[in-house]
Amino acid sequence: MSELIVFAFPNETGASEMDEAINQLKKEELIVLDDAATVVRKPDGKIKVKQATNLVGAGVLGGAFWGMLIGLFFWMPWLGLAVGAVAGAITSKLYDYGINDDFIKEVGETIKPGGSALFLLISKWTEDKALEKLNKFNATIVRTSLSKEDELKLKAAFGAGE
């Protein structure tokens, strides 16, 4: 089972500041990442998404996945009816992969303008030890679990190999 975890910060630098700690957790074998991305939400609300290749190399899901998923988190409330129907279809497809509407809504509401977030797709971790080391960052944590089957469907949907 994998977990999609979002660490949200009230400032634009919080996500990048956590990178070093995540790399240390990897060295200590306390966390295994499938993929990661950082998001900065500018004060004007615009979003900048960057796949965190420094954390996982060439991640399995890629920019298409992160761009689409993160786009849903932030643009869903402002979509018109026509686009809303398309977004609704995408959202229902994400639900097929274990990512539900409540998670999407909570992430969108948690990352405020002027803030940032680190999105991690974690395949294995020693949660208590990892979170103990990450507590100093004072991040708000939003998470959802993905079954192995949902994870494979999600990867396949975006052309990622196993």
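Strands here are DSSP runs of E with at least two residues, helices are runs of H or I with at least four, and both are numbered from the N terminus. Ala-8 belongs to strand E1, which is joined to E5 (residues 140-146) by 7 bridges, with the two strands running antiparallel. E1 also pairs with E4 in the antiparallel sense, over 7 bridges; two strands are said to pair if DSSP finds at least two bridges between them. In E4, Ser-116 is the bridge partner of Phe-9.

Which residues point each way from E1? Ser-2, Leu-4, Val-6 and Ala-8 point one way, Glu-3, Ile-5, Phe-7 and Phe-9 point the other way, and all are buried. In a regular strand, side chains alternate between the two faces of the sheet. Because 8 of the 8 residues of E1 are buried, the strand is largely enclosed by the rest of the structure. A residue is called buried under 20% relative accessible area, exposed over 50%, and partly exposed in between, using a 1.4 Å probe and protein chains only.

## Basis of the model

Residues are numbered from 1 along each chain as its sequence is written, and side-chain values use heavy atoms, with hydrogens and water left out. As this is a predicted model, local features need a pLDDT of at least 70 and side-chain atom pairs count only at pLDDT 80 or more, while totals for chains, interfaces and linings use all residues.

## Confidence

The pLDDT, which is the predictor's confidence in each residue from 0 to 100, averages 75 over the protein, and 60% of the residues score at least 70. Confidence is highest in helix H6, at a mean of 94, and lowest in helix H4 (residues 81-96), at 49.

Over residues 76-86, pLDDT stays under 50, and the model has 6 contacts beyond four places in sequence for these residues. A contact means heavy atoms within 4.5 Å. Where pLDDT is low, the predicted coordinates should not be read in detail.

## Nonpolar cores

A nonpolar core is a set of buried Ala, Val, Leu, Ile, Met, Phe, Trp, Tyr and Cys residues joined through side-chain atoms within 4.5 Å. The largest core has 20 residues, of which Phe-7, Met-18, Ile-22, Leu-120 and Leu-134 touch the most other members. Two or more residues come from each of strand E1 (2-9), helix H1 (14-27), strand E2 (31-41), strand E4 (115-125) and helix H6 (127-134). H1 gives the most to this core, with 5 residues.

A second, separate core contains 14 residues, including Val-6, Val-107, Leu-121 and Leu-146. In soluble globular proteins, nonpolar side chains tend to be buried together.

Beyond its neighbours within four places in sequence, Ser-116 is in contact with several residues, among them Phe-7, Phe-9, Thr-13, Val-39 and Ile-111.

The side chain of Ser-116 has a polar atom 2.8 Å from the backbone oxygen of Asn-11. A polar atom of this side chain also lies 3.5 Å from the backbone nitrogen of Gly-14.

## Salt bridges

The structure holds 4 salt bridges, each defined as a side-chain nitrogen of Lys or Arg within 4 Å of a carboxyl oxygen of Asp or Glu. In one of them, Arg-143 is joined to Glu-3, with the closest N and O atoms 2.7 Å apart. Because Arg-143 lies in strand E5 and Glu-3 in strand E1, the pair ties together parts that are 140 residues apart in sequence. Glu-3 counts as buried at 12% relative accessibility, whereas Arg-143 is partly exposed at 34%. Arg-143 also forms a salt bridge with Glu-127, the closest N and O atoms being 2.6 Å apart.

Glu-28 is in the loop between H1 and E2 and Lys-133 is in helix H6, 105 residues apart. Glu-28 is partly exposed, with a relative accessible area of 32%, and Lys-133 is partly exposed at 39%.

Conventions. Polar contact = N/O pair within 3.5 Å; in protein donor to acceptor, adjacent residues only side chain to side chain.
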